[in-house]
Amino acid sequence: MFKIFNNLFNTTSKHSKKGTAIDTQKSIIRREVKTKKADLSEADKLEQAKIIYEKIEQMPEFKRAKSILMYWSLSDELPTHDFIKKWNRTKTILLPVVKNHHMTFRPFISEDKLLAGGLNIMEPKSGQDYLKNVDLAIIPGVAFDKLRNRLGRGKGYYDKYLRNKRIIKWGLCFNFQLYDKIPATSQDIKMNKVITPYETIE
């Protein structure tokens, strides 16, 4: 019995150490990216966003998509506001709403219909949760890698939402947010494409 317990303890300890190591690596990357974001000017952000969106608008999956999950960017993220307002005229653009530790999406109507949510992210303050199939998800991340792994802010909302859903998933980021390899586990949902101004990984 002691031998069985000891083996179990050792196995659990190894998994715990592995998990701790991955969490530490993720924290290091988050700090690195935060530092680099602080050096970006607004002009840099807008220029990189312009290049990315010009690429996206030529992609067949985007042209076909009628419903698109997006995000109302924070000040340190690749800007999305103008792109959302532009395409909301012809496509259904959906924005995340966090409720009771899970994420759902509601249609974007206009900027004045947004309200800061629990995470201080602007959310549609009215409307029904969108429960139909979605054609394309354009997703933020702290970092991505060339294997299409994504590192988020650590809450796991996107991973939970996207699990077991058949949605085309694209990660968008500044050039410096793309790494050769980032730590990832089986719980981290891979993207179908990662798009930066310099590269498109698919």
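A residue is called buried when its relative accessible area is under 20%, exposed when over 50%, and partly exposed in between (1.4 Å probe, protein chains only). The model described here is predicted: local features need pLDDT of at least 70, side-chain atom pairs count only at pLDDT 80 or more, and totals for chains, interfaces and linings use all residues. Residues are numbered from 1 along each chain as its sequence is written, and side-chain values use heavy atoms, with hydrogens and water left out.

A salt bridge is a side-chain nitrogen of Lys or Arg within 4 Å of a carboxyl oxygen of Asp or Glu. The whole structure contains 14 of them. One joins Lys26 to Asp188, with the closest N and O atoms 3.2 Å apart. Lys26 lies in helix H1 (residues 2-38) and Asp188 in the loop between strands E10 (178-179) and E11 (193-195), so this pair ties together parts that are 162 residues apart in sequence. Helices (H or I, at least four residues) and strands (E, at least two) are DSSP runs, numbered from the N terminus. Lys26 is buried, at 11% relative accessibility, and Asp188 is buried too, at 14%.

Another salt bridge links Asp129 and Lys99, at 2.8 Å from N to O. Asp129 sits in the loop between strands E5 (122-124) and E6 (136-139), and Lys99 in strand E2 (residues 92-99), so the pair connects parts that are 30 residues apart in sequence. Asp129 is partly exposed at 24%, as is Lys99 at 29%.

Lys193 and Glu202 also form a salt bridge, at 3.8 Å from N to O. Here Lys193 is buried, at 7%, whereas Glu202 is exposed, at 64%.
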